[in-house]
Amino acid sequence: MNAAQGEGRIAAFFDVDHTLLDVNSGASWLRHAWRTGRVRPLRALRAIGWLLRYRLALLDLEAVSALVARDYEGVVVTELDAEVRTWFYRDVVQHVCVEGRARVADHLRCGHVVTLLTSGTRFSAAPLAEMLGVPHVLCTDIEAIDGVMTGRHLAPACAGPGKVVHAERFAAAHGVDLARSYFYTDSFSDLPMLERVGCPRVINPDPRLRRRARARGWEIETWRAP
């Protein structure tokens with residue numbers, strides 16, 4: 001994983017759910033929202049349906065991102081950030097995969113540009129990035145004006161083909177050569193990004209990605225939390 005001189009920089013992009021974490025952080029946040037009364041029963045049922053369809057790679061990720069963002073209209077950014085950090089260190093931190101932590105450290109030691117590339121928001125991704133020493137986060141952003149969220153996400157969502165858009169913009173800004181870079185993920189919905197980089201890495205794959213990885217000859221790894 002050594003970077004060559006005189007060529008574009010090597011990046012290592014990491015998905016979060018079922019990759020660096022052995023759980024879906026969205027499902028964990030939904031349980032927190034239910035306990036605290038943040039989410040109503042019908043919205044909770046809708047969210048459960050989304051999570052199931054996401055695992056099967058059958059979800060319109062852009063449309064769902066727009067619907068999720070609406071739930072945060074009028075929410076104060078600093079208040080949500082504090083709540084999410086409390087939730088992360090209480091419910092999520094123990095689910096960080098041992099192998100994922102080690103792989104991030106390996107890439108950092110090699111001088112690669114290490115980046116989280118997640119469909120989640122910066123609120124949930126930032127604590128994990130800080131914990132692992134990851135300097136960059138590409139994620140789905142929700143618009144905020146004067147510290148208050150408007151309920152609109154900034155398209156494209158960082159999901160499916162949108163991850164490629166975010167990664168290409170990042171690569172152009174940071175001198176990264178995607179053909180020499182890595183992407184780690186579990187999800188078939190991330191296939192466009194796996195095919196965009198030169199070093200695809202399949203972690204804890206869903207059934208459709210497992211079949212595709214075997215057909216393409218991609219190595220499959222299993223990562224777990226302690």
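This is a predicted model: local features need pLDDT of at least 70, side-chain atom pairs count only at pLDDT 80 or more; totals for chains, interfaces and linings use all residues.
The protein has 226 residues, of which 50% count as buried, and its secondary structure comes to 10 helices and 8 strands. The points below go from the whole chain to the sheet, and then to single residues.

**Overall picture**

- Among contacts between residues at least 6 apart in sequence, 62% join residues that are at least 24 apart.
- The accessible surface of the protein comes to about 10800 Å², and 54% of this surface belongs to carbon and sulfur atoms.

**The open sheet and the helix packed on it**

- Six strands make up an open sheet with parallel pairing, and their order across the sheet is 3-2-1-6-7-8.
- The edges of this sheet are strand 3, residues 136–138, and strand 8, residues 220–221, each of which pairs on one side only.
- Helix 8, which spans residues 161–174, packs on the sheet and touches strand 1 (11–14), strand 2 (113–117), strand 3 and strand 6 (182–185).
- The direction of helix 8 makes about 145° with that of strand 3.
- Strand 7, residues 199–203, pairs with strand 8 in the parallel sense over 2 bridges, and here Ile 203 stands opposite Glu 221 of strand 8.
- As a general point, the side chains in a regular strand alternate between the two faces of the sheet.

**The hairpin of strands 4 and 5**

- Strand 4 (residues 142–145) and strand 5 (residues 148–153) pair in the antiparallel sense over 3 bridges, with Ile 142 standing opposite His 153 of strand 5.
- These two strands form a hairpin with 2 residues between them, and Asp 146, in the loop that links strand 4 to strand 5, counts as exposed at 78% relative accessibility.
- Ile 142 is 72 residues from Arg 70 in sequence, while the C-alpha atoms of the two residues are 9.2 Å apart in space.
- Arg 70 belongs to helix 4, residues 61–70, and counts as exposed because its relative accessibility is 55%, where the cut-off for exposed is over 50%.

**Aromatic pairs**

- The structure holds 5 aromatic pairs, one of which joins Phe 88 and Tyr 89 in an edge-to-face arrangement, with 5.0 Å from centre to centre and 85° between the planes.
- Within this pair, Phe 88 is buried with a relative accessible area of 1%, whereas Tyr 89 is partly exposed with a relative accessible area of 46%.
- Tyr 184 and Trp 223 form a tilted pair, because their ring centres are 5.6 Å apart and their planes stand at 35°.
- Tyr 184 lies in strand 6 and Trp 223 in the segment after strand 8, so this pair ties together parts that are 39 residues apart in sequence.
- Tyr 184 counts as buried at 1% relative accessibility, and Trp 223 is buried with a relative accessible area of 1%.
- Phe 14, Tyr 182, Tyr 184 and Trp 223 form one aromatic cluster.

- Thr 118 sits in the loop between strand 2 and helix 7, the latter covering residues 122–132.
- This residue counts as buried because its relative accessibility is 5%, and the cut-off for buried is under 20%.
- Leaving aside residues up to four places away in sequence, Thr 118 touches Asp 15, Val 16, Ala 125, Leu 138, Cys 139, Thr 140, Cys 158 and Lys 163.

**Backbone features**

- Most residues other than glycine have a negative phi, and most peptide bonds are trans.
- Asp 146 has a positive phi near 55°, and Asn 204 has a positive phi near 45°.
- Asn 204 is in the loop between strand 7 and helix 10 (207–216) and counts as buried at 10% relative accessibility, whereas Asp 146 counts as exposed.
- The peptide bond that joins Ala 155 and Pro 156 is cis, with an omega of about -5°, and Pro 156 lies in the loop between strand 5 and helix 8.

Key:
Residues are numbered from 1 along each chain as its sequence is written. Side-chain values use heavy atoms; hydrogens and water are left out. Helices (H or I, at least four residues) and strands (E, at least two) are DSSP runs, numbered from the N terminus. Buried means under 20% relative accessible area, exposed over 50%, partly exposed in between (1.4 Å probe, protein chains only). Contact means heavy atoms within 4.5 Å. Accessible areas come from the Shrake-Rupley method with a 1.4 Å probe; for residues, only the protein chains shown count as cover. Two strands pair if DSSP finds at least two bridges between them. Axes are lines fitted to C-alpha atoms, for helices over the stretch in contact, and angles run from 0 to 180 degrees between N-to-C directions. Rings of Phe, Tyr and Trp (its six-membered ring) pair if their centres lie within 6.5 Å; planes under 30 degrees apart count as stacked, over 60 as edge-to-face and the rest as tilted.
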